[in-house]
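Here are my notes on this one, jotted down as numbered points. Have the structure open while you read.

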Amino acid sequence: MPDIASDDFLIHNFKMPLAFTKYHALGNDYLVVDPKNFTSSLTPEQIKIICHRNFGIGSDGILLGPSPSKKAQFGLRIFNPDGSEAEKSGNGLRIFSRYLYDKKLVASDEFSVETLGGIAKATVMQRGKIVRVEMGHVSFWSDEIPVAGPRREVINEPIHLRGERFNFCAATIGNPHCVLPLPKISPELAKQIGPLLETHARFPKRTNVQFMKVMDRNNIQIEIWERGAGYTLASGTSSSAAAAVAHKLGLADRNISVHMPGGKIEIEIGDQFAILMTGGVTKVGEGTLAKEMFTGAVLE
């Protein structure tokens, strides 16, 4: 396993010690770090090491904020553990909202956060343990997701993987999603098929993948393969997209509980597939990064 970068390069833009706060949202864990601790942007190499569960702190991503925004009260950048940047994360938004509350930057009143995937409005409840987020509108149009081919709503389209045919729906809520409605789902299926769909040629910007089982008109179950992160215990945007697809197909009503391995998120679907998401956030702890973490770091 070769060194991914020189040690000097990996620590050149840190104002040490670098503080972080770790939270999880139904098992989907993020580190929140303030951009004022950096002289320049985080590099993909730094992100990979920090998020690595053996060589770093370990997380499903990094939330870099708060930062200035001309369109909202706070700006937020979201990074996947592979170093790529995500447009939006529902769990990340809830965690970041809890962080703002914990740092006494917001009260329980509604406030706005700008991400690459659009502006979300959040409300913190129960001293931060529950957060409600207006996620925006779900779209099924191929050019907005994006999905290759002519402009269309991507609903129940066939796709062949490993000699087997699946039907999928695609959606965006600021980031791309591929939803496979199935009678039976499992973590093993998500881990086997998820990587093939994430990088499939149909999805020019890659995609998040949800394997969805409809339980009844108010409950669905999903297994998740997250773009840039892999198998994931929970996801807010995945819950939003899957619930929207279930409603679009006429299989579920507007109020849907989304069950995932890490727990449950409540989704309310409004006009034009506006999504209101409510779910829990748990604080894990606080700490500082050590320079030694980047000394001789090796990753595959």
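1. Start with Lys191 and Tyr231: the charged end of the lysine sits over the tyrosine ring, 4.7 Å from the ring centre. Keep in mind throughout that this is a predicted model.

2. Arg151 and Trp141 give another case of a charge over a ring. Here the charged end of Arg151 is 4.0 Å from the centre of the Trp141 ring.

3. On to ring against ring. How many aromatic pairs does a search of the whole structure find? The count is four, and I'll go through two of them here. Phe74 and Phe111 make an edge-to-face pair, with 6.2 Å between centres and 85° between the planes. Phe74 belongs to strand S4 (residues 74-79) and Phe111 to strand S6 (residues 111-115), so this contact ties together parts that are 37 residues apart in sequence.

4. Now the backbone. Most residues other than glycine have a negative phi, and most peptide bonds are trans. With that in mind, look at the bond between Gly65 and Pro66, which is cis with omega about 5°. Pro66 is part of strand S3 (residues 62-67).

5. Ile145 and Pro146 are also joined by a cis peptide bond, with omega about 0°. Where does Pro146 lie? You'll find Pro146 in the loop between strand S8 (130-137) and strand S9 (157-161).

6. Last, have a look at the loop between strand S16 (263-269) and strand S17 (274-280), where Gln272 is placed. Gln272 is not a glycine, yet its phi is positive, near 55°. Phe273 is found in the loop between S16 and S17 too, and its phi is about 60°, again positive in a residue that is not a glycine.

Key: Residues are numbered from 1 along each chain as its sequence is written. This is a predicted model: local features need pLDDT of at least 70, side-chain atom pairs count only at pLDDT 80 or more; totals for chains, interfaces and linings use all residues. Side-chain values use heavy atoms; hydrogens and water are left out. Rings of Phe, Tyr and Trp (its six-membered ring) pair if their centres lie within 6.5 Å; planes under 30 degrees apart count as stacked, over 60 as edge-to-face and the rest as tilted. Helices (H or I, at least four residues) and strands (E, at least two) are DSSP runs, numbered from the N terminus. A charge sits over a ring if NZ of Lys or CZ of Arg is within 6 Å of the ring centre and within 35 degrees of the ring normal.
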